[in-house]
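Me: I have a model open here and want to go through it piece by piece. Can you take some questions on it?
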Amino acid sequence: MSHAPYAPEFPASDANGGLSLAIFATRPHIGALMRDIASTAGFHVTGLHPVESLLDGDAQPLAEVVLVDCPFADGPSLAALARLDIRAAQAGANLVVATSLAALDDIFGCIDQSGAQLLVDPVAG
């Protein structure tokens, strides 16, 4: 029995030619790399922010796709992810979280509402 390749379903592209993508990164150099790759892939990157900004003040509008770099499972990062997970579920946004193998269990426990996708150790650094 053959298996069909995994193909996530994303909303249709907007008038600007690509899905909107917001990036939240713990490590600035990884966030910049994600931004460059996403732009090259045709996403309309709406912003690159630190993960901690998810806990500051009022919630920011979400993009169609939200990409998070969170390799560590510390208290503020887990709180930010839990908040983002709920918001993504309510907004119908696609949440993708890049994490490390060491933080996987804790991260997985924080993202149970949105149907988020997990990337484990996608880049070294």
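Me: Which other residues of helix 2 are buried?
Reply: Besides Ser77, the buried ones are Leu78, Ala80, Leu81, Leu84, Asp85, Arg87 and Ala88. An α-helix has 3.6 residues a turn, so residues three or four places apart point the same way.

Me: And what do the buried residues of helix 2 pack against?
Reply: Their packing partners are strand 3, strand 4 and helix 3, which is 104-110. Helix 2 lies across strand 3 and strand 4, and runs at about 155° to strand 4.

Me: How does the span of helix 2 work out at 1.5 Å a residue?
Reply: Helix 2 has 17 residues, so it should span 24 Å, and its end C-alpha atoms are 24 Å apart, which agrees. Just after the helix, Gly92 has a positive phi of about 75°.

Me: Changing topic. What order do the strands of the sheet have?
Reply: The order is 2-1-3-4-5, in an open sheet of five strands with parallel pairing. Strand 2 (44-50) and strand 5 (117-120) are the edge strands, each pairing on one side only. On average, neighbouring strands are turned by 15° against each other, direction ignored.

Me: How many bridges are there between strand 1 and strand 3?
Reply: Five, in the parallel sense, with strand 1 covering residues 20-25. Ala22 has Val66 of strand 3 as its bridge partner, and Phe24 stands opposite Val68 in strand 3.

Me: Then which residue of strand 4 is the bridge partner of Val66?
Reply: That is Leu95. Strand 3 and strand 4 (residues 94-99) are also joined by five bridges in the parallel sense. Between these two strands the chain passes through helix 2 (residues 75-91), and this β-α-β crossover is right-handed.

Me: How many residues of strand 3 are buried?
Reply: Five of its five, over residues 65-69. Val65, Leu67 and Asp69 point one way, Val66 and Val68 the other way, and all are buried.

Me: Which strands does helix 1 lie across?
Reply: Helix 1 (residues 28-40) lies across strand 1, strand 2, strand 3 and strand 4, at about 175° to strand 2.

Me: Next, Ala98. Where is its place?
Reply: Ala98 is in strand 4. Its relative accessibility is 3%, so Ala98 counts as buried.

Me: And what is Ala98 in contact with, leaving aside neighbours within four places in sequence?
Reply: Met34, Val68, Asp69, Cys70, Pro71, Leu119 and Pro122. As for Leu118, its C-alpha atom is separated from that of Ala98 by 5.9 Å, with the two residues 20 apart along the chain.

Me: Last one. Where does pLDDT stay under 50?
Reply: Over residues 3-15, for which the model has 14 contacts beyond four places in sequence. Where pLDDT is low, the predicted coordinates should not be read in detail. The protein chain averages a pLDDT of 86, and 84% of the residues score at least 70.

Definitions and conventions: Residues numbered from 1 in each chain as written. Predicted model: local features only at pLDDT ≥ 70, side-chain atom pairs only at ≥ 80, totals over all residues. Heavy atoms only, no water. pLDDT = per-residue confidence, 0-100. Contact = heavy atoms within 4.5 Å. Buried < 20%, exposed > 50% of the residue type's maximum accessible area, 1.4 Å probe, protein only. Helix = DSSP H or I, 4+ residues; strand = E, 2+ residues; numbered from the N terminus. Pairing = 2+ DSSP bridges. Right-handed = clockwise from strand over helix to strand, strands pointing away. Expected span 1.5 Å × (residues − 1). Axes fitted to C-alpha atoms, helices over the stretch in contact; angles between N-to-C directions.
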